[in-house]
Amino acid sequence: MDLAPWLPVQTERLMPRIIVGAAIIANGRVLACERAQPPEMAGKWEFPGGKVDPGETEVQALVRECQEELGVDVAVGERVGDDIAMLNGTAILRVYVATLLDGAQPLPLEHSDLRWLGAGELDSVPWLPADAPIVHALEPLLPS
């Protein structure tokens, strides 16, 4: 008996998962966050952010992630750099410029450390491979 007509068929196109990051800029410096986990990423630096949940826009996800990770509200601006393929193409990182609202000060709620880096300090931390291209795209936005 031929079972082919009864087997399920994948009909929807698999889209990469969107991950958003915030390049929070204040006083001519950008916020860098040191990963605490997982162990293979601990000690590397990134921009805060995370996965876009179903039904959520990229901006909504970024606002939520900054509240969860840093305890701050942000205003999200323009995109920085290009899409960055991650996890063997199953995810895409998109980074946006963001600014702090209401004089808020970020707290390392999910990170080991936070640092404000000026243009000449961007290479002073070991960035995660996905974030590194964005670092270079930020240079024109920071005073030298």
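Predicted model: local features only at pLDDT ≥ 70, side-chain atom pairs only at ≥ 80, totals over all residues.
Residues are numbered from 1 along each chain as its sequence is written, and side-chain values use heavy atoms, with hydrogens and water left out.

The structure contains 11 salt bridges, each defined as a side-chain nitrogen of Lys or Arg within 4 Å of a carboxyl oxygen of Asp or Glu. In one of them, the side chain of E121 meets that of R29 at 3.0 Å, N to O. Because E121 lies in the loop between strand 7 (111-117) and helix 2 (132-138) while R29 belongs to strand 2 (residues 29-35), this pair ties together parts that are 92 residues apart in sequence. R29, with a relative accessibility of 31%, likewise counts as partly exposed. Helices (H or I, at least four residues) and strands (E, at least two) are DSSP runs numbered from the N terminus.

A further salt bridge is formed between the side chains of R64 and D53, at 3.4 Å from N to O. This pair links distant parts of the chain, with R64 in helix 1 and D53 in the loop between strand 4 (49-51) and helix 1, 11 residues apart. R64 is buried at a relative accessible area of 17%, whereas D53, at 32%, counts as partly exposed. The side chain of R64 also meets that of E68 in a salt bridge of 3.3 Å, N to O. Both R64 and E68 lie in helix 1, 4 residues apart, which is about one turn of the helix. Through salt bridges that share partners, R17, D53, E56, R64, E65 and E68 are joined into one network.

E69, also a residue of helix 1 (residues 58-70), is buried yet has no salt bridge, the nearest side chain of opposite charge being that of R35, 7.3 Å away; here Lys and Arg count as positive and Asp and Glu as negative, with His and the chain ends not counted. The side chain of E69 does, however, reach the backbone nitrogen of G49 at 3.3 Å. Residues up to four places away in sequence not being counted, E69 touches P48, G49, L107, P108, L109, E110 and H111, contact meaning heavy atoms within 4.5 Å.

How values were computed: Buried < 20%, exposed > 50% of the residue type's maximum accessible area, 1.4 Å probe, protein only. Polar contact = N/O pair within 3.5 Å; in protein donor to acceptor, adjacent residues only side chain to side chain.
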